[in-house]
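Please look over the sequence and the structure shown here.

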Amino acid sequence: MNDNNQSPHWNHDDDAAIQEATPKLKRPPMYRVVLLNDDYTPMEFVVELIEKFFHHSRDKAAQIMLKIHTEGKGVCGVYTGDAAETKATLVNQYSQDHQHPLHCQSEPCNE
Ligand code: TYC
C-alpha cells in the first residue's frame with residue numbers, strides 16, 4: 001500500500017465518467033528525537049533516561065547510549081512534530097534538573 005490515495009480514481013463503466021471520492025490520507029511529517037554526546041554526563045544516567053523517556057529495554061537503551069558515545073549522536077525515537085518537540089523539551093529539562101549537560105533535539109526525518 002504505497003499509494004497514499006491522493007490521485008483521483010475514475011470509473012468509466014457508465015456512459016458518464018464519475019470521479020469517485022478519494023480519502024486524503026497523507027502521513028504526517030515525522031521527526032527523529034536524538035541525543036548528543038558530551039564528555040560529562042554519566043553513561044548510567046543516559047541509559048536510565050533512555051529507558052524512562054523513550055520506553056526502551058535496558059539492553060536497547062545501553063546499545064543506543066554506546067552508539068551516541070562512539071558516533072556523537074543517536075536516535076532514541078521517531079515522533080510527529082508536537083510529540084517530538086515535547087519529548088526533547090522534557091528530556092532537556094530533566095538533564096538540567098540533574099545538573100548534566102546532556103542535550104536532546106529533534107530533526108526532520110527527511111534529512
Ligand atoms: N560520553 C559520556 C561519557 O563518557 C557518555 C554519554 C553518552 C554522554 C551519551 C551523553 O548522549 C550521551 N560519560
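Which element gives the most residues to the shell around the ligand? Helix H2 does, with three residues. Helices (H or I, at least four residues) and strands (E, at least two) are DSSP runs numbered from the N terminus. Before going further, note that this is a predicted model, in which local features need pLDDT of at least 70 and side-chain atom pairs count only at pLDDT 80 or more, while totals for chains, interfaces and linings use all residues. Residues are numbered from 1 along each chain as its sequence is written, and side-chain values use heavy atoms, with hydrogens and water left out.

The protein chain as a whole has three helices and five strands. Along the sequence they follow the pattern β-β-β-α-α-β-α-β. The chain has 111 residues, of which 27% count as buried. Here buried means under 20% relative accessible area, exposed means over 50%, and partly exposed lies in between, with a 1.4 Å probe and protein chains only.

Now turn to the ligand. The residues around the ligand are Leu35, Leu36, Asn37, Asp38, Thr41, Met43, Val46, Met65, Ile68, His69 and Leu102. A residue is counted as near a molecule if one of its heavy atoms lies within 4 Å of it. By class, this shell holds seven nonpolar residues, three polar residues and one charged residue. In that sorting, Ala, Val, Leu, Ile, Met, Phe, Trp, Tyr, Cys and Pro count as nonpolar, Asp, Glu, Lys and Arg as charged, and the others, Gly among them, as polar.

Leu36 has a backbone N or O atom 2.8 Å from an oxygen atom of the ligand. Asn37 places a polar side-chain atom 2.8 Å from a nitrogen atom of the ligand. For Asp38, a polar backbone atom is 2.7 Å from a nitrogen atom of the ligand. Taken alone, the ligand exposes 350 Å², and the protein buries 89% of that. Such areas come from the Shrake-Rupley method with a 1.4 Å probe.

The ligand sits in the largest pocket. A pocket is found on a 1 Å grid over the protein atoms alone, as an open set of points where a 1.4 Å probe fits, with protein on both sides within 12 Å along at least five of seven lines. A molecule sits in a pocket if more than half of its atoms lie within 2 Å of the grid points of that pocket. Strand E3 (30–36), helix H1 (43–54) and helix H2 (58–71) are the elements that give two or more residues to the shell around the ligand.

Two members of the shell can be followed further. Leu36 belongs to strand E3 and is partly exposed, with a relative accessible area of 23%. The C-alpha atoms of Leu36 and Ile68 are separated by 6.5 Å, although the two residues are 32 residues apart along the chain. Thr41 has its place in the loop between E3 and H1. Is Thr41 buried or exposed? Thr41 counts as buried, because its relative accessibility is 12%. The side chain of Thr41 reaches the backbone nitrogen of Leu102 at 3.3 Å.

Helix H1 also holds Glu44, which is partly exposed at 39% relative accessible area. Its side chain makes a polar contact with the side chain of Arg58 at 2.7 Å. A polar contact is a pair of N or O atoms within 3.5 Å; within protein, one must be able to donate a hydrogen and the other to accept it, and residues adjacent in sequence count only if both atoms are side-chain atoms. Glu44 and Met65 are 21 residues apart along the chain, and their C-alpha atoms are separated by 9.0 Å.

Most residues other than glycine have a negative phi. His55, in the loop between H1 and H2, has a positive phi of about 60° although it is not a glycine. His55 counts as exposed, because its relative accessibility is 65%. Gln99, in the loop between H3 and strand E5 (103–108), likewise has a positive phi of about 60° and is not a glycine. Gln99 is exposed, with a relative accessible area of 67%.

Glu85 is exposed, with a relative accessible area of 55%. Between the C-alpha atoms of Glu85 and Cys104, which are 19 residues apart along the chain, the separation is 9.7 Å.

Conventions:
On a 1 Å grid over the protein atoms alone, a cavity is a set of points where a 1.4 Å probe fits but cannot get out, and a pocket is an open set with protein on both sides within 12 Å along at least five of seven lines; lining residues have an atom within 4 Å of a point.
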